[in-house]
Amino acid sequence: MRIFDTPRRRLRRTAPPPRMLGLVTFSFALLGLGVVTYAVSLPSLIQVAQRSEERGFADIFAEGLFGSGVPVGGAPQEEGSDGGAQDGESVVDDPASPEAGRFGGLTLGGVTFEQVISGVAAGSASSGGTATPGASGSAGSGAGTSGGTSGATGGAPTPAPEPAPPVEVPTEPAVTEAQERQFYQALSASAGRINGYVGEINGITAGFNNDCIAARGTRERRLVEARGLRDRLLNEYMHVRDGILVANDSRYKNAQGDLIRMYRLLTEYASVVTDAWMNNTLDEPGDVNGLLASIRAAQNNQLVEFQQVYGRFSL
């Protein structure tokens with residue numbers, strides 16, 4: 001009797017209590033429910049994985065939870081909001097936008113130049129007669145044509161030269177809107193100094209009009225002023241030409257060319273005035289009327305061309 005009772009007691013001791021059996025049954029039920037749920041949602045998860053290659057996974061996941069039009073961490077966008085801006089760029093920078101290509105708009109206009117006086121009565125006599133352009137060259141040109149026909153007779157025909165191989169031009173990467181913004185900011189800063197330089201150009205012109213026969217100390221001081229302006233204009237010209245590296249495909253490339261041209265013309269005019277003062281800083285004034293004529297010629301050339309470019313300039 002005791003022999004059979006011992007195994008029964010052992011079975012009773014090792015059998016789990018009813019509460020544990022209930023937990024095990026509940027766990028298996030949850031496991032089965034999870035397998036069924038995963039099998040049902042598997043097609044949508046595959047679509048999410050495919051779409052995440054083009055968009056962020058967090059955005060796709062939020063769209064699947066809350067529906068389309070709700071970004072992560074925000075409310076649905078209203079109509080008319082910037083729904084296509086990415087990486088911090090606004091919609092204005094979009095090339096397809098009607099406002100693209102203009103970050104502020106800059107035009108110039110309204111400057112006038114100081115005119116050079118016609119002459120001074122106290123100036124020394126002008127230098128001797130100047131050679132007439134082309135008068136001596138006409139005879140020389142005739143001699144050259146008569147001598148050039150003597151060697152055209154006889155001899156074997158010269159073979160035509162072989163055409164040169166085509167030159168491969170390297171292509172530049174596309175210009176981004178961030179680069180365009182940098183070009184605009186650099187060019188607009190330099191263009192904003194144009195009017196100030198024009199005022200200084202008028203200053204050195206008026207200085208020569210007023211002090212071309214003044215005391216030597218005054219004329220030397222005017223020379224220093226003109227030379228300083230010429231040097232600063234030359235530095236500005238070099239900065240716009242070589243310091244602002246505008247891409248060839250940029251929408252501001254033509255504006256850079258106009259800005260380079262304007263600073264070159266102002267530099268050339270300031271150089272003419274500087275040279276006039278250098279030739280007029282002796283004890284007695286030099287050929288003042290001749291120097292005034294050289295400045296007037298620079299006004300009719302450099303400054304007239306400057307006004308043409310200045311009037312059409314825009315960014």
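Leaving out neighbours within four places in sequence, Arg193 is in contact with Glu236, His239 and Tyr263, where contact means heavy atoms within 4.5 Å. The structure is a predicted model, in which local features need pLDDT of at least 70, side-chain atom pairs count only at pLDDT 80 or more, and totals for chains, interfaces and linings use all residues. Residues are numbered from 1 along each chain as its sequence is written, and side-chain values use heavy atoms, with hydrogens and water left out.

Arg193 is placed in the loop between helix H5 (177-191) and helix H6 (194-211). Helices (H or I, at least four residues) are DSSP runs, numbered from the N terminus. Because its relative accessibility is 35%, Arg193 counts as partly exposed; buried means under 20% relative accessible area, exposed over 50%, and partly exposed in between (1.4 Å probe, protein chains only). Glu236 is 43 residues from Arg193 along the chain, and the C-alpha atoms of the two are separated by 9.4 Å. A polar atom of the Arg193 side chain also lies 3.4 Å from the backbone oxygen of Ala189.

The largest nonpolar core has 49 residues. Such a core is a set of buried Ala, Val, Leu, Ile, Met, Phe, Trp, Tyr and Cys residues joined through side-chain atoms within 4.5 Å. The elements that give two or more residues to this core are H5, H6, helix H7 (216-243), H8 and H9, and the largest share, twelve residues, comes from H8. In soluble globular proteins, nonpolar side chains tend to be buried together. The residues with the most contacts inside the core are Ile194, Ile201, Leu259, Met262 and Phe306. Apart from neighbours within four places in sequence, Met262 is in contact with Leu108, Ile194, Phe306, Val309, Tyr310 and Phe313.

Five aromatic pairs are present in the structure. Rings of Phe, Tyr and Trp (its six-membered ring) pair if their centres lie within 6.5 Å; planes under 30 degrees apart count as stacked, over 60 as edge-to-face and the rest as tilted. The rings of Phe113 and Phe306 have centres 5.7 Å apart and planes at 75 degrees, so this pair is edge-to-face. The pair links distant parts of the chain, 193 residues apart, with Phe113 in the loop between helix H3 (57-66) and helix H4 (135-148) and Phe306 in helix H9 (residues 288-312).

H9 has a kink of about 30 degrees centred on Gln299. Among the buried residues of H9 are Leu292, Gln299, Phe306 and Tyr310, and what covers the buried residues of this helix includes H6 and H8.

Two threonines were also examined. Thr274 lies in helix H8 and counts as buried because its relative accessibility is 0%. A polar atom of the Thr274 side chain is 2.7 Å from the backbone oxygen of Ala270. Not counting residues up to four places away in sequence, Thr274 touches Leu223, Ala226, Arg227 and Arg230. Thr281 is found in the loop between helix H8 (253-278) and H9, and at 13% relative accessibility Thr281 counts as buried.

Technical notes
Polar contact = N/O pair within 3.5 Å; in protein donor to acceptor, adjacent residues only side chain to side chain. Bend = angle between axes of the 7 residues up to and from the residue.
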